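Here's a quick briefing for anyone opening this structure for the first time. Have a look at the model, then work through the points below.

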Amino acid sequence: MLSGRVVEQVCRRVCRRKWAVSPLFLFVETVSVYRDIPEDLRALIEPIVDEAGFELVDAQLARGGRPWTLKVTIDTPEGDGRVPVDSCAAVSRELGSQLDVADLIKTVYRLEVSSPGLNRPLTREKDFASACGREVQIETRQPISGRRRFRGVLVRFEANVAAVQVDGNEVEISFADVSKAKTVYQFSRTDFVGQAG
């Protein structure tokens, strides 16, 4: 019998398992786009997230030391990032149970289920479309004009191509070339109104 411990405050689940030689699926750290989630893992996670009334944004498995960490990001259908902590905890419990049954991760791992946060990951086409007009950071799989990292305002997203204003120039990046991307939250004075200083 496998044992686990859920820490609801941060929506994490630690599962204790025997060490195995290799997992059934791997994530490469620089790849963080929805389409890159291995099909076995997506097929297990997505129905649980859907049933809870949310959408799967991303899933990443960080390997290396023990425990490994499986980070699952979920959001509301409106894409507003307003996922209550108790909902994250409920998804975490159900997902942890199903992962135990499926035995997909054959080592000790920690499960973290969270909402996108302030620097929202852009993993799907719809995420790019809704981020138009905002500052973004994009990393590409291969260099474009000699660079792989871009930071600027996402001007538009049409026909699966992101147009980003970078250093006064417009750069077009195909969604297929994106390895990871996120919005950059711009703090303002109103973020700190009412806090003791």
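Strand β6 (residues 135–144) and β7 run antiparallel to each other, paired over six bridges. This is a predicted model, so keep in mind that local features need pLDDT of at least 70 and side-chain atom pairs count only at pLDDT 80 or more, while totals for chains, interfaces and linings use all residues. Residues are numbered from 1 along each chain as its sequence is written, and side-chain values use heavy atoms, with hydrogens and water left out.

- A word on terms: helices (H or I, at least four residues) and strands (E, at least two) are DSSP runs, numbered from the N terminus, and two strands pair if DSSP finds at least two bridges between them.

**The whole sheet**

- Put together, you get an open sheet of five strands in the order β9-β8-β7-β6-β10, with antiparallel pairing.
- At the edges sit β9 (169–174) and β10 (178–183), each pairing on one side only.
- On average, neighbouring strands of this sheet are turned by 40° against each other, direction ignored (axes are lines fitted to C-alpha atoms, for helices over the stretch in contact, and angles run from 0 to 180 degrees between N-to-C directions).

**Aromatic rings**

- Rings of Phe, Tyr and Trp (its six-membered ring) pair if their centres lie within 6.5 Å; planes under 30 degrees apart are stacked, over 60 edge-to-face, and the rest tilted.
- That rule gives four aromatic pairs.
- One of them is F128 with F175: the centres are 5.6 Å apart and the planes at 85°, so this pair is edge-to-face.
- F128 belongs to helix α3 (residues 125–130) and F175 to the loop between β9 and β10, so the pair ties together parts 47 residues apart in sequence.
- F157 and F175 are edge-to-face as well, 6.4 Å centre to centre with 80° between the planes.
- F157 lies in strand β7 (residues 147–158), so its pair with F175 ties together parts 18 residues apart in sequence.
- F128, F157 and F175 make up one aromatic cluster.
- F128 is buried (under 20% relative accessible area; over 50% is exposed, partly exposed in between, with a 1.4 Å probe and protein chains only) at 1%, F175 is buried at 6% and F157 is buried at 13%.

**Charges over rings**

- A charge sits over a ring if NZ of Lys or CZ of Arg is within 6 Å of the ring centre and within 35 degrees of the ring normal.
- R35 has its charged end over the ring of F175, 4.6 Å from the centre, and R42 has its charged end over the ring of Y34, 4.5 Å from the centre.

**Nonpolar cores**

- A nonpolar core is a set of buried Ala, Val, Leu, Ile, Met, Phe, Trp, Tyr and Cys residues joined through side-chain atoms within 4.5 Å.
- The largest one has 25 residues, and I45, V72, L95 and L99 have the most contacts inside it.
- Helix α1 gives the largest share of this core, five residues.
- A second, separate core of 18 residues includes L122, A131, F150 and V171.
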